[in-house]
Amino acid sequence: MDELARCGLRHAVTSPGSRSTPLVLSLAREPRITSTSHVDERSAAFFALGVAKESGTPAALACTSGTAAANYAPAVIEAHEARVPLLVLTADRPPELRDLGAGQTIDQVKLYGSAAKWFLEVDEHPATPQRLRWLRQLACRAYWTALDGRPGPVHLNFSLREPLVLDEPLPSGDDGGRAGGRPWVTRPTIAPEPPPAFVDRLRAEFEQRPRAVLVAGRQERDRALAESLAGFADWLAIPLLADPLSGARRGPAAIAHYDALLRDTEWAAAHAPELVVRVGDLPTSKPLRAWLHGVDDALQLSFDPENVWQDPAGAVATILAADPRCTLDAIGGRVKRRTETAWLDRWHRADRAAAAAIARALQPAGLSEPRVAAELGAALPPEATVVVASSMPVRDAETFFPTRATPPRVLANRGANGIDGTVSTAFGAAASGDGPALLLIGDVALIHDLGGLLAAGRHDLKLTIVLLHNDGGGIFDFLPVSREGPEYVEHVATPHGLDFTHAAALFGLDYEEAGTVEEFRAALGRALAAERTAIVAVRTDRAANVALHAAVWDEVARSVRSAA
Ligand SMILES: Cc1ncc(C[n+]2csc(CCOP(=O)(O)OP(=O)(O)O)c2C)c(N)n1
Ligand SMILES: [Mg+2]
């Protein structure tokens, strides 16, 4: 643990048990590491995921043997898919007690399969100088492996024999570490300067294909990339189609309402580009994905330094295994500011028309799910972090968040798109970030991780939870399955009739319901100013929500056609 702290580990999440005692106590007693205790390992792992997403650095997890370790699996899988660095430390029985009926023993070898980036069985070792050196090297290797190349979870499985608490003192932290608190192995960051010939080749593509678009999706670790993308798109007068999860929905070239615009196939066809440059994950927007799939004449380039191949349609022609920020900054430094802005102007005109059409369509509905997203996108301060749940929240954020000079940070579990663990991820982000933290979540996702609310009181964490309560999975009402009668309602929509005031009371949270836009604004203001975690609930109707989205898309299509 001393060595992990030297590498930079600052947050660990523990869960209770006996076999894990040596791991948990050494974490809890390491002053440079904040250890947060969570009863439920599934929530614990999602909390660590939130910490690691918010901070961009690894978080550690420690739990006991058996199904405790198995409960980490959903978050480990999410961390693998979303490339989030995690150090998973599981306690296990030693080999002589495995597969023999010893208590709480399961096969933990490679428990997370291909989701773990690296697995190692760590047996007990005598505390000889040679073994301690190896342990220090191992800690460094685990830490840097979680971060290197394609980041992800590293799993160390520890065989631990009784006694689990020693009578004699353990070797102390200053035993044998490098001087000056340095880690045993350092890993200096080497600036990924792109070679000039590569920059020139790319620059030529931009010059030869002025009808270009920059598409930016989820990206969490390089906070400066968002500014670079905005600056580059502005410099070259290229529309920037940025999912809020990219942080790049900002600056004069950003187009907020591409999802609504590209739903109009006529408009989409008339705005086919010659060049598409992708950065980060593929955005969620279905119309954007379909459009990218269909623009066959465009050259499509994808910055993909982590080798994730996010291209289910097979549209990308060239993968650039280069750092997007350094490369685009270098290109921008070598081209003159583009003064011919007709292409970007067309997008801007349409985006302004779409924004007005959306406002018109939403107005009569009062407080609705899209309106909540629009309000949050406009009102949250730049220092806020908002976690958006899978299902409609992440989609409504993409459709309705405006462009801003300095938008709030937006995080989501979009590696595997699960609705599990969302509450805990948001508490992890709240524990790790400096600004206010907010969670936009549906009722089913909240039920899924209700136990995650325990973190509020046990760790004195402040999170504003905006709950969109439409009594079921509203997303499914958009699908053909919603016509399948009572079986649809019972098995897919899953209405439950729960009143979350009781959950708030159980976990000691503030709770308010808002029925109008004014009430919502006031309740949000109170919740953000409160000292403790608060739920602001908005009741909506699933069928009315589908109709409202359709009305928005119609109004946008009508207004951009008449403007064209
Ligand atoms: C772990 C997991 N189980 C099931 C799903 C499938 N799923 C996607 S959305 C959804 C319903 C979510 O409902 P809610 O959180 O109320 O959001 P709404 O659809 O109403 O916006 C379900 C069950 C999933 N994504 N993840
Ligand atoms: Mg719902």
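How many bridges pair strand β14 with β15, and in which sense do the two strands run? The pairing is parallel and spans five bridges. This model is predicted.

## Strand β15 and its sheet

β14 covers residues 437-442. Its Gly 442 stands opposite Leu 468 in β15. β15 also pairs with β17, running parallel over six bridges. There, Val 466 stands opposite Val 536 of β17.

β15 is mostly covered: six of its six residues are buried. In a regular strand, side chains alternate between the two faces of the sheet. β15 can be read that way. Thr 464, Val 466 and Leu 468 point one way, while Ile 465, Leu 467 and His 469 point the other way. All of these residues are buried.

These strands belong to an open, parallel sheet of six strands, in the order β13-β12-β14-β15-β17-β16. Its edge strands are β13 (409-411) and β16 (510-514), and each pairs on one side only. From one strand to the next, the twist averages 20 degrees. Asp 510 has Ala 534 in β17 as its bridge partner.

## The magnesium site

Which residues coordinate the magnesium ion (ligand 2)? They are Asp 443 through OD, Asn 470 through OD1 and Gly 472 through O, at 2.0 to 2.2 Å. In sequence, these donors follow the spacing D-x26-N-x1-G. Asp 443 lies in helix α17 (residues 443-448), and Asn 470 sits in the loop between β15 (464-469) and α19 (485-493), so the pair ties together parts that are 27 residues apart in sequence. Are Asp 443 and Asn 470 buried or exposed? Both are buried.

## The five-stranded sheet

Another open sheet has five strands in the order β8-β7-β9-β10-β11, and its pairing is parallel. β8 (240-242) and β11 (318-320) stand at the edges with a single partner strand each, so one side of each has no neighbour in the sheet. The twist here averages 20 degrees from one strand to the next.

β10 (residues 299-303) pairs with β11 in the parallel sense. Ser 302 has Ile 319 in β11 as its bridge partner. Helix α11 (residues 286-294) lies across β7, β8, β9 and β10. Helix α11 runs at about 135 degrees to β7.

| Strand pair | Bridges |
|---|---|
| β10 and β11 | three bridges |
| β14 and β15 | five bridges |
| β15 and β17 | six bridges |

## Empty space

Rolling a probe the size of a water molecule over the atoms shows where empty space is left. The second largest pocket holds about 1200 Å³ of space. It is lined by 43 residues. Gly 149, Arg 221, Pro 305, Glu 306 and Asp 323 lie nearest its centre. The elements giving two or more residues to this lining are α6 (129-147), β9, β10 and α12 (324-334). The largest share, three residues, comes from α12.

How many cavities of 30 Å³ or more does the structure hold? It holds one. The largest cavity has about 60 Å³ of space. Its lining includes Pro 244, Arg 249, Phe 401, Arg 404 and Val 410.

Technical notes:
Residues are numbered from 1 along each chain as its sequence is written. Chains are lettered from A and ligands numbered from 1 in the order in which they are written. This is a predicted model: local features need pLDDT of at least 70, side-chain atom pairs count only at pLDDT 80 or more; totals for chains, interfaces and linings use all residues. Side-chain values use heavy atoms; hydrogens and water are left out. Two strands pair if DSSP finds at least two bridges between them. Helices (H or I, at least four residues) and strands (E, at least two) are DSSP runs, numbered from the N terminus. Axes are lines fitted to C-alpha atoms, for helices over the stretch in contact, and angles run from 0 to 180 degrees between N-to-C directions. Contact means heavy atoms within 4.5 Å. Donors are N, O and S atoms within 2.8 Å of the metal (3.2 Å for Na, K and Ca); water is not among the atoms, so sites may look incomplete. Buried means under 20% relative accessible area, exposed over 50%, partly exposed in between (1.4 Å probe, protein chains only). On a 1 Å grid over the protein atoms alone, a cavity is a set of points where a 1.4 Å probe fits but cannot get out, and a pocket is an open set with protein on both sides within 12 Å along at least five of seven lines; lining residues have an atom within 4 Å of a point. Grid points are joined across faces, edges and corners, and a volume is the space filled by probe spheres set on the points.
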